[in-house]
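Student: Could we go through this model together, taking the sheet and the charged pairs before anything else?
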Amino acid sequence: MNGAAAPEPTEAPAPSPQVPLDWRFSQVFGERGAGEDVQDVDIISAIEFNKSGHHLATGDRGGRVVLFERTDAKDHVSRKDAEKADYSISRHPEFRYKTEFQSHEPEFDYLKSLEIEEKINKIKWCQETNGASFLLSTNDKTIKFWKVQEKKVKKICEMNMNPSNAPANGSPAGSTMCGSSARTPNGGILKPGGLPLLRLPVVTSQETSLAANCRRVYAHAHDYHINSISNNSDGETFISADDLRINLWNLEISNQSFNIVDVKPTNMEDLTEVITSAEFHPSHCNTLAYSSSKGSIRLVDLRQSALCDTHSKLFEQHEAPGSRSFFTEIIASISDIKFSMDGRHILSRDYMTLKLWDVNMDSGPVATFQVHEYLRPKLCDLYENDSIFDKFECCQSGDGLRVATGSYSNIFRVFNCGAGGSEVTTLEATRNPTRRQIQNPARPARSLGSLTRVVRRGVQRTPE
């Protein structure tokens with residue numbers, strides 16, 4: 001309009017391709033020596049980083065919780081900034097042992113004649129307050145709220161008493177009058193007609209030690225084994241989930257919880273689906289998601305009703321016609337779900353695949369990653385030895401560009417889920433993480449007490 005030439009439209013620059021990560025061995029904790037047998041109580045059953053990434057907690061089958069702290073990041077930068085930082089190859093995270101404590105002990109439920117083992121199922125970090133760390137730990141039935149902080153060890157460095165003048169055999173010390181006042185043997189001053197002034201010992205703090213205190217115990221709220229706990233972004237509440245129910249707790253109230261999800265049918269013979277995992281949204285305190293053994297994820301809004309019988313969104317992938325088999329519903333069971341740090345996506349893990357869902361699109365996953373497709377022809381053998389019921393967890397990097405999950409033979413896989421990314425890395429949890437590729441799984445020992453397994457076998461097996 002003013003006669004000036006209009007600028008030519010310029011194309012947006014294409015995103016630069018992501019540089020593949022160079023995976024190197026960093027650190028190992030609890031490495032056993034040559035010929036040393038691994039005790040069952042020492043096997044790790046739960047692991048969790050705190051939000052900043054500077055603290056790590058592990059739980060084992062013996063009911064112990066061990067804490068580690070990062071020593072190479074004294075400036076305490078955020079986890080997201082640390083992942084983007086351009087560190088040299090020689091720099092890597094270094095953690096050191098901090099403390100450990102016995103979280104759970106074996107118990108026996110006399111009403112149900114049920115032995116409750118001490119194994120830690122889940123650990124969740126809570127918000128730090130005044131330099132103290134807080135975390136939740138749970139076994140099959142009982143959740144505990146722990147506070148870990150440094151305490152100064154107080155020592156008496158001076159008694160203000162001359163031992164040579166101290167009274168013997170507990171007899172009262174005499175006094176020698178000198179003018180208008182007298183001095184007692186321990187240095188006190190005795191005024192005429194009065195009592196000697198009190199001389200207190202001098203107490204100093206010279207050392208610090210870490211102390212773990214159990215602040216709350218949340219018990220007797222679950223009839224089935226607890227499979228998930230998740231703390232809320234409001235810093236005041238958390239949820240606990242078992243196979244059939246999800247309960248909402250207040251951190252300060254241990255004798256009362258609210259049942260917000262209940263999938264238990266009136267007749268247990270009609271049971272076809274159980275809850276496998278549950279997690280709060282990272283920033284919306286009214287939103288949570290839970291997965292089921294049928295491969296579906298339900299998004300729940302706590303503002304809709306006190307009992308969340310209905311979901312606000314349902315995420316599930318429908319099988320193509322004619323593709324169903326005997327094992328379809330078994331391998332579709334979701335064992336773990338995780339929200340991304342921004343809350344935009346949900347990552348889910350079933351037996352064969354890792355799926356990424358957009359919370360705003362419930363038509364299907366935005367990405368599907370094959371974890372161990374080479375096992376598909378062997379599903380019959382895996383069913384016979386119960387390996388098909390194994391559960392795997394998943395996680396997403398802080399920048400949201402990569403997802404990871406575990407497999408058999410000490411293997412874990414990392415997938416690039418960024419725009420245009422197709423990087424797939426297979427690593428072994430060892431000092432040389434790239435020394436070998438996926439191999440056939442070795443069958444670990446396992447228990448047969450899962451309600452999920454009972455439901456699957458009850459649905460799939462036909463009467464003889």
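Predicted model: local features only at pLDDT ≥ 70, side-chain atom pairs only at ≥ 80, totals over all residues.

Student: Which side chain does Glu69 meet in a salt bridge?

Tutor: Glu69 meets the side chain of Arg96, at 2.8 Å from N to O. Because Arg96 lies in strand β4 and Glu69 in strand β3, the pair ties together parts that are 27 residues apart in sequence. Glu69 is buried, with a relative accessible area of 18%, whereas Arg96 counts as partly exposed at 44%.

Student: How many salt bridges are there in the whole structure?

Tutor: A search of the whole structure finds 18. One of them joins Arg61 to Asp40, with the closest N and O atoms 2.7 Å apart; this pair links distant parts of the chain, since Arg61 is in the loop between β2 and β3 and Asp40 is in the segment before β1, 21 residues apart. Both residues count as partly exposed, Arg61 at 33% relative accessibility and Asp40 at 46%.

Student: Which residues are linked in a network of salt bridges?

Tutor: Such a network links Lys112, Asp223, Arg245 and Asp262.

Student: Changing topic, is Val414 buried or exposed?

Tutor: Val414 is buried, because its relative accessible area is 6% and the cut-off for buried is under 20%. Val414 is placed in strand β28 (residues 411-416), and beyond its neighbours within four places in sequence its contacts include Trp23, Arg402, Val403 and Leu427.

Student: How far from Val414 is Gln396 in space?

Tutor: The two are 9.4 Å apart, C-alpha to C-alpha, with a separation of 18 residues in sequence. Gln396 lies in strand β26 (residues 394-396) and counts as buried at 17% relative accessibility. A polar atom of the Gln396 side chain lies 3.3 Å from the backbone oxygen of Gly400, and among the residues that Gln396 contacts, leaving aside neighbours within four places in sequence, are Arg402, Val403 and Cys417.

Notes. Residues numbered from 1 in each chain as written. Heavy atoms only, no water. Helix = DSSP H or I, 4+ residues; strand = E, 2+ residues; numbered from the N terminus. Buried < 20%, exposed > 50% of the residue type's maximum accessible area, 1.4 Å probe, protein only. Contact = heavy atoms within 4.5 Å. Polar contact = N/O pair within 3.5 Å; in protein donor to acceptor, adjacent residues only side chain to side chain. Salt bridge = Lys/Arg side-chain N within 4 Å of Asp/Glu carboxyl O.
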